[in-house]
Amino acid sequence: MSSITVTPSEAQKHVEETPELNIWEEDYVDWRKRPAVKGRHGGMLAASFVLAVEVLENLAFLANASNLVLYLSKFMHYSPSGSANIVTNFMGTAFLLALLGGFLADAFFTTYSIFLLSATIESLGLLILTLQAHVPYLKPPTCVSNQLGSPCHKVGGGKAVMLFAGLYLVALGVGGIKGSLPPHGAEQFDETTFEGRNKRSAFFNYFIFCLSCGALIAVTLVVWMEDNKGWQWGFGISTLTILVSIPIFLLGSPTYRIKTPAGSPITTIFKVLASAAFNNRKPKSSNNVVISISTSSVSSDSVRDVDEQTPITPIPTQNLEFLNRAAMNNPNHPELKCTLKQVEEAKVVLKIFPIFASTIMLNCCLAQLSTFSVQQAATMNTKLGSLKVPPASLPVFPVIFIMILAPTYNHAIVPIARKLTKSEMGITHLQRIGTGLVLSIVAMAVAALVETKRKNVALKTHMLDSSEPLPISFLWVALQYLFLGSADLFSLAGMMEFFFTEAPMSMRSLATALSWASLAMGYYFSSVLVSVINGVTKACRLTPWLYGRSLNHYHLERFYWLMCILSGLNFLQYLFWANRYTYRSKIAGEQPPFKEQQHKSDLVV
C-alpha cells in the first residue's frame, strides 16, 4: 500500500474521458487513483457501504468486549477487579490506536487502505482467541470452588501470552478501523453545499444507529451463544463477521471518493509551535514582520463587496495571537517559516483540545458499562419470566433506546431546532456533548443508589458470601445503562461531527479519531482510579473499596458517588471552554482563505 498520487497526464486523460461531468476537488481520487468525479463518486450510496460495514465491525468487537470480563474471571481465573482492569486496558488501547489509524490515513495511506489492513489484523487476533477458547489445554484447568484438589490458578506462561497476543491484535485492528471508517464515510459528502453538510450530519447520526445495530446483535445472540454454547462460538462468529465485512466494503469501491494523503499534520503543528516560540523571544521589528498582513477585523459584508477578480490577502485570526508570529520572516532560520494556512490549522487543533479533554471523564463513566455494571448484574436475578438473560446482555436496553432516538433526533428534533434557532445546525455540536455530560452525572448518581439497594438486599437476606443470585431483579441496573447509553448517543455523535468539521482538511481522520481516543483515556482513567482508590484506602488502614473476589464486599456505591462528583466538576470546566469556543463556518465563496465567518458556540444547558 503506497500513498496515492495523481499525475497531471492521468487527470487530463480522465477529464477527456468524462467531459460531461465535473471533477471533484483535486484532493480526491477514486479507488483506481484517478480524479474523483462529481455525480459518479461519493454521496449517500457510497456512505451506505460504510454504514453496513459498521454494523458488522461493531458486532465483532462488542460481542466479546461486553462479556470479556466474565470470560476472564470464569475461565482465566482473574479476580473481579483484575478482570475489570484487563478489559478497560484492552478497550482503552483499541480506542487509543484509532489515533494511529487516523494519522496513517491522513499522512501516508488512505482511509480505504487502512480499513482493509486493519480488518485483516483484527480477524487474525480473533482467530487466535477462537483457537484458545476451543482447545482445552490452551486454557488453565477448570476451577471448582470448595474442593481441596482443585485450586484456582490464574492463566500464565504461554497461555497468557496467547491470550494477550490475540486481544491486542484485535485492539490494533479495531483501532485502525475506528480511525479510518467514520472519516471515510464523512468524506463522501460535498461540504460546500447545504445539502452536503446536512447529509454528512445525518451520516454521523446513522453511523451511531448502525453501531447500535451491531451492538444489539452482539449483546443478545452472540452473548447467549458464549454463555450457553461456549466462548469458541462467540469468538468464531466475530471472526466470520469481520471477514464478511471486507468484501462488503470492497463492493462499494466504484462509488467511493478517497481523500489523498497530505503528509504528516503533526510535523506542521510542531513546526508552528517552534517557530512561534522562537519568534516571540525576539523583539518585534520592521525587518521580520509579515508583509501585507493586517490584524484588523474584516466584516463578511466587506468581503462580499470585493470584486471576484481582486486578490484577497489572507488575514490571521485574533485568537491565539502569539502563534501569528510563526509566519514572520526569519532570515537566520528560514526552515521555521510557516504559512498562514499552517498557523491557522495549528490554532484550530489547539482550540479543540480543551473540549477533547473535557469528554474524558464522561467516557470514564461509560467504561463502567463493560466492567462493574456487568458484574453487578451477574450477582442479581437475571430471569424475565422463564427466560434467563445473560448479564452481558444488559446493554440491550440503551442500544434499543439509541436505535429509536437516533432517527428521531435526525428527522424530528433537528428540523424543529433549526426552525426555532434559525440556524443551519439547530443544535450545536457542543450542546450535544454538554447534554451527554449531564446525562453521565445522572447515570452515576443512579448507579450509586442502585448499588446501595443491591447491597442492602444481600445484607438483609444474609447472602453477602453466597454465590447464589440475590432476590433482586437485574432490571434495576438497567437504569444506569439507559442514562449512560443516552449520554453515549449525544456525546459520541457530537464529538465525531465536531472534530471532523472543525479540523483542518489535512488531518480530519486524525481529528475524528480523537472521539475514540477520548474513550481510551476514559477507560485508562477508570483503571487508574480503581488502583488509586484501593491504594489510598489501604494506606489509610481501611478496607480497600474495590478489592476481593466477591463484589458484595466492595464499596462500589462510594466509587460511583465519587465518579458523580468528578463528573460534576468536569462539567463546570467544560462550560468554561465551550462558552468561549468559536466555530469555524465553512460557507463557500463568502470568506477569504483563512479569515472565516465565525460565531460563538452559545452553549445552553
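A: On the H2 side of the contact with H7 are Ala47, Val50, Val53, Glu54, Glu57, Asn58 and Phe61, and they meet Val174, Ile177, Lys178, Leu181, His184 and Gly185 in H7. Contact here means heavy atoms within 4.5 Å. Sorted by class, the residues of this contact are seven nonpolar, three polar and three charged. In this sorting Ala, Val, Leu, Ile, Met, Phe, Trp, Tyr, Cys and Pro are nonpolar, Asp, Glu, Lys and Arg are charged, and the others, Gly among them, are polar.

The model is predicted, with local features needing pLDDT of at least 70 and side-chain atom pairs pLDDT 80 or more, while totals for chains, interfaces and linings use all residues. Residues are numbered from 1 along each chain as its sequence is written, and side-chain values use heavy atoms, leaving out hydrogens and water.

Helices (H or I, at least four residues) and strands (E, at least two) are DSSP runs, numbered from the N terminus. The protein has 19 helices and eight strands.

Two packed helices are described by the angle between their axes and the distance between the axes. An axis is a line fitted to C-alpha atoms, for helices over the stretch in contact, and angles run from 0 to 180 degrees between N-to-C directions. Helix H2 covers residues 44-65, and its axis comes within 10 Å of the axis of H7, crossing at roughly 155°. H2 and H7 are therefore roughly antiparallel; the scheme is under 35 degrees for roughly parallel, over 145 for roughly antiparallel, 65 to 115 for roughly perpendicular, and oblique for the rest. Their crossing is left-handed, a term used if the near helix is turned anticlockwise from the far one by less than a right angle, with right-handed used if clockwise.

H7 (residues 157-186) also packs with H8 (residues 194-228), at an angle of about 140° and with the axes 9 Å apart. That angle makes H7 oblique to H8. The H7–H8 crossing is right-handed. In H7, Lys178, Pro182, Gly185 and Ala186 take part, and they meet Arg200, Phe203, Phe204, Phe207 and Leu211 in H8. By class, this contact has six nonpolar residues, one polar and two charged. Lys178 and Gly185 are listed in the H7 contacts with H2 and with H8.

Ser212 also lies in helix H8. Is Ser212 buried or exposed? Ser212 is buried, at 2% relative accessible area; buried means under 20%, exposed over 50%, and partly exposed in between (1.4 Å probe, protein chains only). Apart from neighbours within four places in sequence, Ser212 is in contact with Val399, Ile402 and Met403. Across the protein, buried residues make up 55% of the 605 residues.

Back towards H2, Lys33 sits in the loop between strand S1 (28-29) and H2. Most residues other than glycine have a negative phi. Lys33 is partly exposed, at 35% relative accessibility.
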